[in-house]
Amino acid sequence: MPPIRYLHLDVFAASYGGGNHLGVVTDATGWSDAQMQRFARWADLVETTFLLPPSDPKASYCVRIFTPQKEIPFAGHPSIGSAHAVLECGLATPRDGLLWQECGAGVLPIRIEGEGATRQLLLQSPKATVEKTGSDAHPLLGAALSGIELGKLPPAYVAGGRHWWLAECADEASLRAWQPDHAAIGALARATDSLGLCAFARSSHADYQLVVRAFPAGVGIVEDPASGAANGLIAAYIAHAEPQGPLAAGYTVSQGREIGHDASLLVHIIDGVVWIGGRTHTVIDGRLNWNGDA
């Protein structure tokens, strides 16, 4: 297999090293499912993506997203990072300020705001549905939330591309200091076929209005430094519950500091549609030499 351009990215980073890792194979034409999975397992990142020509004429490109264990239909930071790679490598031309990404969740638009070092990409989140609310929404929810005081909105089970449990906490300080029961979160995730629990708290900080911590135990991750899809569901839940509230039009998120990262995610809510985005840095731009035999 000839060398292929490969990018290692820092997605949603407030500064270099603050965001979420992503590996992007920029041309996976001819790779089998097994070959993609084998490389993703070897790379051992939270997700690795593989770019392909689109099958839908509306789409600018196609992306397939793999964890080390399996392929997933959609995720936020892999989508934003893949769009960044497409632009960096000149693989598609934006139309009216948009790229159109084909993935397992359909063909989704990605907005391009700014250019160069200040460029931000924002993904339109899949439509979200609040399926359950309340502290008694599941018998295992109480254990997963042990040790934290809840905030204004009730816990919720929300679907949108993927399922998450969401919980508002009383304040930023207690959320940042929380030592959650990861085994209990894992049990809840497995019992409900969800990714896990995403907790958030409001903030009066000048640089961000929401603090988020995500625990995707359903895919074997203890804590995620930057979660695009989960933040899309939080935004949809807040807009649904507080349509006239101070966060209903959008806000900025701080995530990942508790595990040594510093991610910043931008949320826009326009006519009920949630857009999640931020900046991406290319950390490594090289050539992948890989024997694709599975």
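These legends cover close-up views of a predicted model. Local features need pLDDT of at least 70, side-chain atom pairs count only at pLDDT 80 or more, and totals for chains, interfaces and linings use all residues of this predicted model. Residues are numbered from 1 along each chain as its sequence is written, and side-chain values use heavy atoms, with hydrogens and water left out.

**View 1. Strand 4 and its burial.**
Strand 4 spans residues 61–66. Strands (E, at least two residues) and helices (H or I, at least four) are DSSP runs, numbered from the N terminus. Six of the six residues of strand 4 are buried, so the strand is largely enclosed by the rest of the structure. Buried means under 20% relative accessible area, exposed over 50%, and partly exposed in between (1.4 Å probe, protein chains only). Tyr61, Val63 and Ile65 point one way. Cys62, Arg64 and Phe66 point the other way. In a regular strand, side chains alternate between the two faces of the sheet.

**View 2. The pairing partners of strand 4.**
Strands pair if DSSP finds at least two bridges between them. Strand 3 (residues 48–52) runs antiparallel to strand 4, over five bridges. Here Thr48 stands opposite Phe66. Strand 6 (residues 98–103) pairs with strand 4 in the parallel sense over two bridges. Cys62 faces Glu102 in that pairing. Strand 5 (residues 71–72) is antiparallel to strand 4, again over two bridges, and Ile65 stands opposite Ile72. A hairpin of four residues joins strand 4 to strand 5.

**View 3. The largest pocket.**
A pocket is an open set of points on a 1 Å grid over the protein atoms alone, where a 1.4 Å probe fits and protein lies on both sides within 12 Å along at least five of seven lines; lining residues have an atom within 4 Å of a point. The largest pocket holds about 290 Å³ of space, the volume being that filled by probe spheres set on the points, which are joined across faces, edges and corners. Of its 15 lining residues, Lys127, Ala128, Ala236, Gly272 and Val274 are the closest to the centre. Strand 9 (129–133), helix 6 (228–241) and strand 16 (273–278) each give two or more residues to this lining. Helix 6 provides the largest share, five residues.

**View 4. The second largest pocket.**
About 230 Å³ of space lies in the second largest pocket. Among its 14 lining residues, Lys70, Asp193, Ser194, Leu195 and Val219 are the closest to the centre. Strand 5, strand 11 (162–168) and helix 5 (182–192) each give two or more residues to the lining.

**View 5. Aromatic pairs around Phe39.**
Rings of Phe, Tyr and Trp (its six-membered ring) pair if their centres lie within 6.5 Å; planes under 30 degrees apart count as stacked, over 60 as edge-to-face and the rest as tilted. The structure holds ten aromatic pairs. Phe39 and Trp42 form a tilted one, 5.6 Å centre to centre with 35 degrees between the planes. Both lie in helix 1 (residues 33–43), three residues apart, about one turn of the helix. Phe39 is buried at 0% relative accessibility, whereas Trp42 is exposed at 58%. Phe39 also pairs edge-to-face with Trp290, at 5.0 Å centre to centre and 80 degrees between the planes. This pair links distant parts of the chain, 251 residues apart: Trp290 lies in the segment after strand 17 (280–288). Ring pairs link Tyr6, Trp31, Phe39, Trp42, Phe50, Phe66 and Trp290 into a cluster.
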